[in-house]
Amino acid sequence: MSLLKVKNLSKDFYKKDGNVISVLSNISLSINKGETFTIIGPNGSGKTTLLRILGLLEAPTQGEITFLGKEITDFSRKEKTLYRRKLSFVRQKPLVRDASVFDNIAYGLKVRGSKYNQYKPLVKEMIESVGLSGMENKNARALSGGEMQRVVIAMNFIITPEIYLLDEVSANLDPMNVKILDSFINKIKKDKEKTIILSTHDRYEAIRLADRIAVLNEGKINQINSPRVIFQSPKDEFTAHFVGYENIFSGNARVDTESNLNQVKINDIVITTSDQKEGEVKVCIHPESIILAKNSPQNVSSLNLYKGKVDEIRDLGNLIHVIIKIKSERFLVSITKLSQQKLGIKIGTEVYVNFKATDVKIL
Amino acid sequence: MSERRALKTIISEHKAAFLIIFILVLGGFFGTFFILDLLSARNPNRIILATTTSTYDSGLLDYLLPEFTQKTGIEVSILSVGTGQALVYGENGDVDVILVHSRSREDAFVNDIDGQTPFGINRACVMYNDFIIVGDENNPAELLQNDNITTVMTKLKFSIDAGNTTFYSRGDGSGTYSKEISLWSFIGVTPDIEWFGEPDKYTETGQGMAATLQMTYQDANNQGYTLIDRGTWLTFNDTYTILQILAESVVGEDNLLNPYGVIPVNLELHPQVKYNSVLRFVGFLTSDYGQNLINTYTKNGETLFHAAFGICNSTHNCPTTEKEISFWTIYQQEFT
Amino acid sequence: MDNKRKMSNEIIEGIFEALYLIVTLNPEIWSVIEVSFRVSLISTFLAALVSLPIGSFIGLREFRGKRFLSNLINTFMGFPPVVMGLIVFLLLSTGGIFGSLGLLYSTSAMIIAQFLLAVPIIIGTGKAAIESVDPALKETVLSLGANERQLWWELIKHSKKSIIAGFLVAFGQAISEVGAVMIVGGNIRWATRTFTTSIVLHTRMGEFGMAIALGIILVSIAFILNYGLTRLQGGDK
C-alpha cells in the first residue's frame with residue numbers, strides 16, 4: 001500500500017551569481033508502507049535533498065508529494081507538525097541540543113505531550129539500550145562523537161515514528177554504533193506498520209537492508225528495483241559502474257552440526273557458505289568468483305557445484321556477462337571474451353557453475 | 001540530583017505560570033509608581049516651579065523652600081532650566097509657577113491687553129541681585145571703579161574694536177544675555193551685528209554662565225571680559241583668580257541690577273494648575289518672613305540677593321508695585 | 001599657572017569627597033541610585049517583556065517585507081535618545097495627547113521614554129540571536145516533532161547568552177542616558193534626578209565632589225555590565 005507518492009519532484013538551487021542548479025529533476029517514486037526503501041547514488045546526486053524534502057525540512061520547487069493521498073507540501077503549519085510527528089529524521093552529522101543526555105532523549109516525547117512521569121521510564125530504558133547508563137545528566141554536547149551518535153539514535157528511535165528517515169547515518173558511525181543501529185533497524189523491519197527510508201553509500205548496507213533500491217544520479221532517478229535486479233541487471237553503464245555487480249539471494253541458513261558447514265536454502269537451491277550466520281539471510285556472490293565449465297568438473301575443492309543453462313549473454317567489450325539459469329534462480333557470471341569463445345558459450349548452452357563456500361558472503 | 005531535575009522540570013512544565021507571576025510582579029512595581037505619579041499630578045500639596053539655572057545654582061531655593069514646606073506641607077518641585085524654557089513651560093501649563101529675571105519677557109507673559117488671555121496672572125517682585133563685569137586683571141579696556149554704565153560700554157567697544165579685548169557673551173536666550181544686550185543698546189550697539197563673524201572680538205558661547213566664565217578665563221590673550229551674575233561669580237571666583245570685578249553697580253544706577261519676578265500660571269488657561277497652593281507660595285516669598293530669609297542667604301560669606309517686594313520702585317522702574325502690595329498682603333498673613 | 005594647580009586640587013579634593021559621600025551613605029547619592037536603577041531596570045524589563053517575543057518571532061519566520069522590517073528595526077536601534085525625550089515630552093506636556101495625565105516630570109515619564117528607546121534594541125538583538133542559531137539545530141528540533149511554539153522556546157534556550165547580552169546593552173544605554181531623562185524628568189531633586197542628570201547639575205554648579213562620586217559609581221556599573229557582556233561574548237553554541 002503506497003504510503004508516500006512523489007510525482008515530478010524538482011528542486012532548484014539559486015546560487016548567488018544568479019546561476020540555477022537543478023539538485024533534483026523530475027523525481028517520481030512510490031514508497032510502500034512497511035518497506036525499507038533505500039536511496040543510493042554518488043555524492044551530490046541529491047540523496048540528502050530528497051530525504052529532507054520527504055521530511056518537510058525543505059520545500060520542493062516543483063512537483064507533489066502525497067502522504068496517504070494527501071498533498072504534504074500544501075499542509076498548513078499545524079498539519080506539517082502533525083506529519084513531522086509521524087516521522088524521525090537522523091542526519092549525517094550528529095547534532096544534539098544543548099541539554100543533558102536525558103533531556104535530549106526525552107525531547108521527542110515531551111513535545112508530543114508526554115509528562116515527566118510518563119516518559120521517565122522510557123528514557124531510562126532507552127539510555128540503557130544504547131549503553132549510556134550513568135550519563136543521564138551529562139550535557140550531551142560534552143560527549144565524545146560516538147556517544148553523541150548514540151544519543152541521536154536514542155532520541156530518534158524512542159518516539160517510534162511511522163516513518164524513519166535516515167540520511168547516510170552509517171557513514172559517520174563507528175562500528176560499535178553501527179551494530180546498535182542495525183539492531184534497532186532490524187527490530188523495526190519486523191513491524192510491517194513501520195517504513196524506513198534511508199540513503200547510503202554502502203552497497204552492502206543497501207543490499208542487506210533494502211526491500212527496494214532507488215539509484216539516484218545527478219538529481220534524476222536512474223533505476224528503482226529490488227537489490228537483486230539492480231545488482232544483477234543494472235539498467236545502464238552508470239548504474240553498472242556505480243553499484244557494481246552482485247548475485248543476491250534471500251534464503252534460510254542453517255549450520256549442519258556434523259560438517260559445520262552453513263547451508264543456505266534459497267528456494268530450490270542449497271548453497272554452502274563458510275559464513276556462520278543462521279536464520280533468514282541475504283547472500284551475496286561476486287560474478288567474478290563463479291567459474292563456468294562445459295563439463296562437470298571433477299574433484300574440485302569448491303563446494304558449490306550446479307548445473308544450469310545459459311539464459312542471457314551481455315557483451316561488455318572485454319568482459320562478458322552471462323546469466324545462467326539454475327533451477328529457479330538466475331546467476332550472473334563474469335568471464336573474458338576469450339573464455340567465452342574458447343568454451344563456445346551461447347544462449348541455451350548447458351554449463352556447470354562452480355564457486356567456493358568462502359566466496360559466498362552473508363550480509 | 002533528582003530533586004534539582006524535578007525543580008527544573010516543574011518550572012519548564014509550568015512556564016506559563018512563572019511567566020505570569022513575573023509579569024504581575026513587574027507590572028506591580030511599575031503600576032504602583034505609575035499610580036503614585038498620577039496621584040501626585042493631582043495632589044494640591046505638590047507644586048512645580050520653573051526657574052533659571054543661575055537662580056537654582058545659587059542655592060537660594062534649597063535654603064528657602066524647606067521652610068515653606070515645613071510651614072504648609074506643600075512640596076515644591078524645582079525645574080532648573082533656561083529663562084526661555086521656563087517661560088514656555090509656564091505658557092504650556094506644564095508648571096504651576098515660574099520665577100525668572102527678565103522683566104520685559106515677564107511683562108509679555110502677563111500681558112492682558114490686545115485681547116489675549118495672559119499666560120500668568122498676579123506677578124510679584126521678589127528680589128534682585130546684580131550683574132557685574134569681570135575680566136582679566138590686566139584690564140586692557142581700562143575700566144575704572146566709578147565709571148557709569150555708558151562709559152563702561154563705550155570703553156569696552158573701543159577696546160574690542162582695537163583688538164585688545166574679547167567679550168564673551170552667553171549668546172542664548174537667558175536673562176543674563178537679555179541684560180547684556182540691553183547694556184549694549186545704551187550706546188546704540190547691537191553686538192552680534194556689530195561684530196558679525198568676528199568671534200575673536202565678540203564670542204557667543206551659547207553655554208551656561210559657568211562655561212562662559214571658564215572661556216573668559218581661558219582667553220588665549222588674557223583679554224577676556226564677560227557679564228556675570230554675582231551668584232555664579234561667588235561660586236567660581238576662587239578658581240579664576242586672574243579675573244577681577246572690573247565694573248559693578250554704581251550708586252544711583254540700576255542697570256546692572258537683576259530683578260526677579262514670580263508669576264503664577266493662569267488658572268483660566270490651565271485649570272489643572274494648583275493655583276491655591278501657588279498663592280500660598282508667593283505669599284511666603286513676599287512675606288516679611290520670606291523676604292528676611294532672602295536677605296540673610298549668603299554664599300562664601302556674601303549676600304547674593306536683596307529682598308525687593310514692595311520696594312522695587314526704589315531700585316528700578318516698577319509700575320506694578322502698588323497693585324502687587326494690595327493683592328498679596330492677604331496671602332502673607334499666614335507667615336507672620 | 002596658579003589656577004591650573006587650583007583646578008587639579010579641586011579634582012583631587014573631589015575624589016576624596018566622593019569616597020566620603022559613598023562611604024557615609026549620603027542620602028542624596030542614595031536617592032540618585034534608587035531613581036536611576038528603578039527607572040532603568042523597570043524600563044528595560046518591560047521592554048524585554050514586550051520586545052523579546054516580537055523580535056524572536058520576526059527572527060523565526062520568513063515573510064515578505066522581512067528585510068524592510070529589519071532595516072526599520074536597525075534604524076530605530078540607533079534612535080537618538082534625546083529626540084525620544086523630546087517626543088515623549090511633547091506627548092506628555094499639557095498640550096499633548098496624554099497631557100491630561102499630568103505625568104510630565106515624573107519617573108513614569110522617564111520610564112516611558114527609556115522603554116521606547118529599549119524596545120527596538122531588544123527587538124533587534126532578540127531577532128539576531130534567534131537567527132544566529134545553527135539552522136541544523138532548528139531542523140533537528142522540527143524533525144523531532146516540535147510545533148512552532150516549542151521550536152521557538154528551544155531557539156530561545158539556545159541563544160540565551162545573546163539575548164541576555166541584548167538586555168545588558170539596553171540597560172547600559174538606559175542607565176547612562178542623559179538627554180531624554182533630563183527633558184521628561186526635569187532633574188527634580190529627590191524625585192527624578194539620576195546619575196547622569198545629577199552629574200550635569202553638580203558639574204555646572206562647580207560641586208565636583210558629588211559629581212565625581214556619581215561618576216565613579218556610574219563607571220563602576222558600566223564596567224560590571226561590560227564584564228558581563230564579555231563573559232557572554234563566548235556566545236551560544
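This is a predicted model: local features need pLDDT of at least 70, side-chain atom pairs count only at pLDDT 80 or more; totals for chains, interfaces and linings use all residues.
Pro66(B) sits in helix α4 of chain B, which covers residues 60-72. Along the sequence, Pro66(B) and Ala307(B) are 241 residues apart, while in space their C-alpha atoms are 18 Å apart.

- What holds paired strands together? Strands of a sheet pair through backbone hydrogen bonds, and they can do so in a parallel or an antiparallel way.
- For a parallel example, take β3 (residues 36-40) and β9 (residues 212-217) of chain A, which pair over four bridges.
- If you'd like to spot a bridge yourself, find Thr38(A): its bridge partner in β9(A) is Ile213(A).

- Helix α2 of chain B (residues 15-42) packs against helix α2 of chain C (residues 27-60), with an angle of about 140° and axes 11 Å apart.
- Are these two helices oblique or roughly antiparallel? Antiparallel would need an angle over 145 degrees, so α2(B) and α2(C) count as oblique to each other.
- The crossing of α2(B) past α2(C) is left-handed.
- On the chain B side, the residues that meet the partner helix are Ile23(B), Leu26(B), Phe29(B) and Phe30(B).
- Facing them from α2(C) are Ile42(C), Phe45(C), Leu46(C) and Leu49(C).
- Sort the residues of this contact by class and you get eight nonpolar, no polar and no charged.

**Two helices meeting inside chain B**

- Helix α7 (residues 149-161) and helix α8 (residues 175-186) of chain B pack with their axes 8 Å apart, at an angle of about 90°.
- That angle falls in the 65 to 115 range, so α7(B) is roughly perpendicular to α8(B).
- Here Ile149(B), Thr150(B) and Met153(B) of α7(B) meet Leu183(B), Trp184(B) and Phe186(B) of α8(B).
- By class, the residues in this contact are five nonpolar, one polar and no charged.

**Where chain C touches chain B**

- This contact involves 28 residues of chain C and 31 residues of chain B.
- On the chain C side, α1 (2-23), α2 and α5 (107-131) each provide at least two residues.
- The chain C side that touches chain B has 13 nonpolar, 11 polar and four charged residues.

**Where chain C touches chain A**

- Chain C puts 15 residues into its contact with chain A, and chain A puts in 19 residues.
- Which elements of chain C give two or more residues to the side that touches chain A? They are α6 (135-143) and α7 (148-158) of chain C.
- The top contributor to that side is α6(C), which gives six residues.
- Split by class, the side of chain C that touches chain A has five nonpolar, six polar and four charged residues.

Methods:
Residues are numbered from 1 along each chain as its sequence is written. Chains are lettered from A and ligands numbered from 1 in the order in which they are written. Axes are lines fitted to C-alpha atoms, for helices over the stretch in contact, and angles run from 0 to 180 degrees between N-to-C directions. Angles under 35 degrees count as roughly parallel, over 145 as roughly antiparallel, 65 to 115 as roughly perpendicular and the rest as oblique. A crossing is left-handed if the near helix is turned anticlockwise from the far one by less than a right angle, and right-handed if clockwise. Two residues are in contact if their C-beta atoms, placed from the backbone, lie within 7 Å. Ala, Val, Leu, Ile, Met, Phe, Trp, Tyr, Cys and Pro count as nonpolar, Asp, Glu, Lys and Arg as charged, and the others, Gly among them, as polar. Two strands pair if DSSP finds at least two bridges between them.
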